[in-house]
Each structure stands twice: as C-alpha cells, then as structure tokens.
Amino acid sequence: MKASAPASSANLGPGFDSLAVALDLRCEVTVSNSNRWEITDDPGGFLRSAAERVSANPLRVEVDSEIPVGRGLGSSAAVLAALELAVARLDGKPDDLHRVFQAVASAEGHPDNAAAAVYGGLVLAGPDGVHRLELHSSLSILVAVPEASLATEEARDILPATVPFAVAAEAARRAMRLVEALRTGNITLLAGVGRDELHEPHRVRLRPLIGDLLEAAEGAGAPFAAISGSGPAVVAVVTAEAQEAVVRALQHAVGSGSVLNPGVSADGVR
C-alpha cells in the first residue's frame, strides 16, 4: 500500500512555528506485511521507530523521496505523514487526515510542517487547528538548498528562551504584513515585511551561508526571503519578472548546492 506527502517550508520568517507552505517535492512510502521488520535506507533508525509506533506488526517499508534531508524542507513530516496514511490503508481503514495530522504534529513536536504535509497549500497551524490561507497566483517560491545540512535540534538549541517586548511586537507586525501580502500579491507590502528577528539571526550565526543566501535573494529583487524551517535552505518569494535574476544570484551564492523551483503543492498527503 502506498501514500505520498509533500515537502514543506515552515516559519516563513515571522510566522515562527505557525506558518508553512507545501512544496511540490514528494516523499512516497510503500508498506507491506512481512514476518520481520524491513526498512530501506534508514541509517539512523528514524523510520523503524516511526513504523513501530504506527504498526504493532512487522512491515516492509520502502521510501522514495525527492526531498533533501536535513535542509529545513520538512522531510521528516512528509515521511511520517505518508507512513501514517499508508499503514492505515494497509489495515483497511478510511483516510482520516485529521488523525494523520494529529499523529505527525505529536511526533514532530510542532504543527507547522505537519499541517503543510497533510493538507497542502499555505497553512496556519496552532492549538485551534489548521487553517488554509491564500497565496496569490502572481507569486512563486524558489528554494536554495546548500550542500551542508543543519540538524533541527542544533537549530532549536541556539534559540533564546525569551525575547525583548519590542522584538515580539515587531514580529507580530511582520507576520500580519506577510500573510496579507501573500494573499494579495502586494509587492510593496511584501517587501515591507523585512527580516525576522525571533529566530533567524541566531541560525545565521550557526551557518553564515544562510545570511549570504538571504542577501543574494533580496539583492537580486526578491521582495521577501526567509530561512526554510530550521535551515539551512532559504526560500525566496518572487514575481515572474524577478525570478530569473534571483535564481542566478542564489545559484552563485549557494555554490555546490542547488536552486529549486518546485511550485506550491495544493495537495497534501494522498
């Protein structure tokens, strides 16, 4: 039995732990009954642990993924969502996206990537559930993917326990501008969002290349750029007119890494 789920870019700057967008890079998981656990391509044991949480019986689990691992593109949320749905189908259960979302959000520890992987599109996730947001058709998302990875735990550990009141107030303003700009396609509003102050400066110190990529995107005409998830990948929101110049700038800055134009995935897990 099979299921697949998309990559995702979470946070989007000031939308820390709340906003995410699904990207059209997919992870497909195939599961079948077996007399022993058989997990393909699982050097750290992540999939085995996840599969044992989902199924009491041993399975053969195969993964075919387009999503770069350890780059801040929601690879773990995607594989967990696809695994949850594939095992449920193998057991003869109807698709239940709410159940899949709850399971993935619990395993991930935060709901943003889980929401995008399960429901697709641009989403706002929090204690009150998941809300689909609008993304204007004039906007595209580019992703610069460095060759080096960054562990989520390392990126989390560097964050401060508190931030100054003024920083929190500014983050709220930025987040509201960002959501409205993405909805309307208002480039002036989008460019006015500016750089996040909650988490991005700390993560740039871990991987200075992140700062280089942000500057390259903005310098080439991207009205908005942000760290994808916990990094080190960077997303740039662009118009058609700026896309070619931003791709060139990002490719130069990312060196041996890659620049992707995956498109937004309207579908989540399926």
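**Ground rules.** I am working from a predicted model, in which local features need pLDDT of at least 70 and side-chain atom pairs count only at pLDDT 80 or more, while totals for chains, interfaces and linings use all residues. Residues are numbered from 1 along each chain as its sequence is written, and side-chain values use heavy atoms, with hydrogens and water left out. The element names follow DSSP runs numbered from the N terminus, with helices being H or I of at least four residues and strands being E of at least two.

**Helix α9.** After α9 comes G221, with a positive phi near 115°.

**α9 against α10.** The axes of α9 and α10 come within 8 Å and cross at roughly 160°; axes here are lines fitted to C-alpha atoms, for helices over the stretch in contact, and angles run from 0 to 180 degrees between N-to-C directions. The two helices are therefore roughly antiparallel to each other, given that angles under 35 degrees count as roughly parallel, over 145 as roughly antiparallel, 65 to 115 as roughly perpendicular and the rest as oblique. The crossing of α9 and α10 is right-handed, and the contact is made by L209, D212, L213, A216 and A217 of α9 with V246, A249, L250, A253 and V254 of α10. For handedness I use the convention that a crossing is left-handed if the near helix is turned anticlockwise from the far one by less than a right angle, and right-handed if clockwise.

**α2 against α4.** Helix α2 (residues 75-90) packs on helix α4 (residues 112-119) at an angle of about 50°, with their axes 9 Å apart, which makes α2 oblique to α4. This crossing too I noted as right-handed, with the contact made by A77, A78 and A81 of α2 and by N113, A114, A117 and V118 of α4.

**Helix α3.** In α3 I found V100, F101, V104, A105 and E108 buried, and, seen down the axis, these fall within an arc of 125°, so they line one face of the helix; the arc is that of the directions from the helix axis to the C-beta atoms. The cover over the buried residues of α3 includes α2, α4 and β6 (129-133).

**Helix α6.** Which residues of α6 are buried? I listed V167, A171, R174, A175, L178, A181 and L182, and they cover an arc of only 140° around the axis, which puts them on the same side of α6. On the other side, F165, A166 and M176 are exposed. Among the elements covering the buried residues of α6 are β2 (19-33), β5 (122-126) and α7 (187-191).

**After α6.** G185 follows α6 and has a positive phi near 75°; its place is in the loop between α6 and α7, where it counts as buried at 17% relative accessibility. Leaving aside neighbours within four places in sequence, G185 is in contact with H136, S138 and L139.

**Backbone exceptions.** Most residues other than glycine have a negative phi, and most peptide bonds are trans. Against that background I noted N11, which is not a glycine but has a positive phi of about 75°, and L12, whose phi is near 50°. N11 lies in the loop between β1 (2-10) and β2, and is buried, with a relative accessible area of 4%; L12 lies in the loop between β1 and β2 and counts as buried at 5%. Lastly, the peptide bond from G231 to P232 is cis, with omega near 5°, and P232 lies in the loop between β8 and β9.

Definitions and conventions:
Buried means under 20% relative accessible area, exposed over 50%, partly exposed in between (1.4 Å probe, protein chains only). Contact means heavy atoms within 4.5 Å.
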